Amino acid sequence: METSSTSAIADALTRAIVEHKLLPGTKLAEQKLADHFGVSRTLVRQALFQLSQNRLVTLAPARGAFVATPSVEEAQQVFAVRRMLETEMTRAFVRQVKPAQIKALKAHITAEKKAMDRNDVGQRTELLGDFHVVMAEQMGNHVLAQILGELLSRCALITLMYQSASAAEHSHEEHEAIVTALAAKDEALAVRLMQDHLQHVEAGLTFDREPPSNDLSMALSGVTA
């Protein structure tokens, strides 16, 4: 039961980070979190430790826990790893593509568009990142899906810290183009589009921005485990 509660708290905090409700540098006070989720500080501490293993939270001796603030070097390394993984994932996807997989990706893209039309920034951000995880899931590669999920959670922090307001507006259209190439079984085009897409996202990062800050109570409004 405690393990389940710890995971639920970690999942709720991860969602808040991915949806840009919890900002980099936010102090994660154990008692505030315990009061918010209605659990003991011990469970909160375990959840924060779990998130620190995924590099989403920084644990500072005598200071407490904070939402991580990725460095420029770390941001560049995360995108380098994504290019390595997702280039090969795209090649493998084309070689075993099935109509049901394309249908699932198109359904996801439809959800992206609806979130954009609603101007739902949190949902849009989560769905645009999840597109890449859905590709891995549709291949049946759960290990790759888990690794990409962790990388994309870190990317949510990176984009929040360094991405300009207009930099991500073409991601949805690029996803559509990738799916079209996958459906056509055009391996070379699909790989090039995926590489271009990741390059565009990284190129849209502005590394001289000041890290944002936020209030924990305000950020967790409506967030439950």
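Guide: Let's start with one detail: a polar atom in the side chain of T90 sits 2.7 Å from the backbone oxygen of E86. Keep in mind that this is a predicted model.

Visitor: Where is T90 found?

Guide: T90 belongs to helix α4, which spans residues 72-95.

Visitor: Is T90 buried or exposed, and why?

Guide: The general idea is that buried means under 20% relative accessible area. T90 has 0% relative accessibility, so it counts as buried.

Visitor: How do I read the crossing of α4 and helix α6?

Guide: Look at the axes and their angle. For α4 and α6 (residues 121-138), the axes come within 10 Å and cross at roughly 45°. That angle is why α4 counts as oblique to α6. As for handedness, α4 passes α6 in a left-handed crossing.

Visitor: Which residues make the contact?

Guide: On α4 they are R82, E86, M89, T90 and F93, and on α6 they are H132, M135, A136 and Q138. Sorted by class, that contact has four nonpolar, three polar and two charged residues.

Visitor: What does A145 touch, not counting residues up to four places away in sequence?

Guide: A145 touches V133, A136 and E137. A145 itself lies in helix α7, residues 142-162, and it counts as buried because its relative accessibility is 8%.

Terms used: Residues are numbered from 1 along each chain as its sequence is written. This is a predicted model: local features need pLDDT of at least 70, side-chain atom pairs count only at pLDDT 80 or more; totals for chains, interfaces and linings use all residues. Side-chain values use heavy atoms; hydrogens and water are left out. Helices (H or I, at least four residues) and strands (E, at least two) are DSSP runs, numbered from the N terminus. Buried means under 20% relative accessible area, exposed over 50%, partly exposed in between (1.4 Å probe, protein chains only). Contact means heavy atoms within 4.5 Å. A polar contact is a pair of N or O atoms within 3.5 Å; within protein, one must be able to donate a hydrogen and the other to accept it, and residues adjacent in sequence count only if both atoms are side-chain atoms. Axes are lines fitted to C-alpha atoms, for helices over the stretch in contact, and angles run from 0 to 180 degrees between N-to-C directions. Angles under 35 degrees count as roughly parallel, over 145 as roughly antiparallel, 65 to 115 as roughly perpendicular and the rest as oblique. A crossing is left-handed if the near helix is turned anticlockwise from the far one by less than a right angle, and right-handed if clockwise. Ala, Val, Leu, Ile, Met, Phe, Trp, Tyr, Cys and Pro count as nonpolar, Asp, Glu, Lys and Arg as charged, and the others, Gly among them, as polar.
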